[in-house]
Amino acid sequence: MTSHWESVPSRVGRVTLGALALVAFLSVSTAHAQRSTELTPFAGWMWGGTLDYVDGSIHVNAAPNYGGMLSVEVRPSEFIDLSYWYQGADVIARPRGFPEFKFMKLGTHYIQAGGTKYLMPIGSNKVVPFATGGIGMTIFSPSNPPAGVNVSGQTVFSLAVGGGLRFEVNEKVAVRAQARLLLPTQLWGASAWFGTGGGGVSVSGTSIAQGDATLGVVIKLGS
């Protein structure tokens, strides 16, 4: 049995990282000129997603994830966010007509720039609902494949959208609970195949829907 994931050209990652670095620079500059800056470490649970092909599917198991977010207020109750989070999970192969088996490990890294819009002024209530979203890059890093199987990493653009609740604890700390839909999207068409005895299938232009639920501690920086 063989498997191969063709990597997206490296310039995709460089362009995305450059855009995220620019957003981070502008965010920090805005923080000095205007309102508050917040740092939010978080942890939770991420559902891995499934990639179907003609003769079965490849499934990424659900597993814990963790990361952090830097947020800068640009207008009252509106923030620019720069975030990173990671999940390590098992990849399960499910060939049709054969028992499923653990195929390899997969590290998933999300790096995104986006925003959070609170639906009422922060501080007006102990609990404030919000909507959030972002765009950036997702890096898939496979490891420990079966002997003789060649796999490589893949970098794709990705989208995230979600919402949640912010619980004010005091003037310096809040708790942020959220759930998101995550869509790593292959815009250029990757070639991926998985089969037995030399058979396989080509997959291009696919998206793997993922999702997560996290709990974070919002640390309000500055005076």
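User: Which residues form a nonpolar patch on the surface?
Analyst: Leu 39, Val 217, Ile 219 and Leu 221 form it, with about 290 Å² of accessible area together. Such patches take residues with over 30% relative accessible area and no salt bridge, nonpolar side chains being joined within 5 Å; a salt bridge is a side-chain nitrogen of Lys or Arg within 4 Å of a carboxyl oxygen of Asp or Glu. Areas come from the Shrake-Rupley method with a 1.4 Å probe, and for residues only the protein chains shown count as cover. This is a predicted model, where local features need pLDDT of at least 70 and side-chain atom pairs pLDDT 80 or more, while totals for chains, interfaces and linings use all residues. Residues are numbered from 1 along each chain as its sequence is written, and side-chain values use heavy atoms, without hydrogens and water.

User: Which strand gives the largest share of the patch?
Analyst: Strand E12 (residues 210-221), with three residues; strands are DSSP runs of at least two residues, numbered from the N terminus.

User: Now Ser 71: buried or exposed?
Analyst: Ser 71 counts as buried because its relative accessibility is 3%, and buried means under 20%. Ser 71 sits in strand E5 (residues 63-75).

User: How far apart are Ser 71 and Glu 38?
Analyst: They are 33 residues apart in sequence and 5.0 Å apart in space, C-alpha to C-alpha.

Conventions
Patch = residues over 30% accessible without salt bridge, like charges linked within 9 Å, V, L, I, M, F, W, Y side chains within 5 Å. Helix = DSSP H or I, 4+ residues; strand = E, 2+ residues; numbered from the N terminus. Buried < 20%, exposed > 50% of the residue type's maximum accessible area, 1.4 Å probe, protein only.
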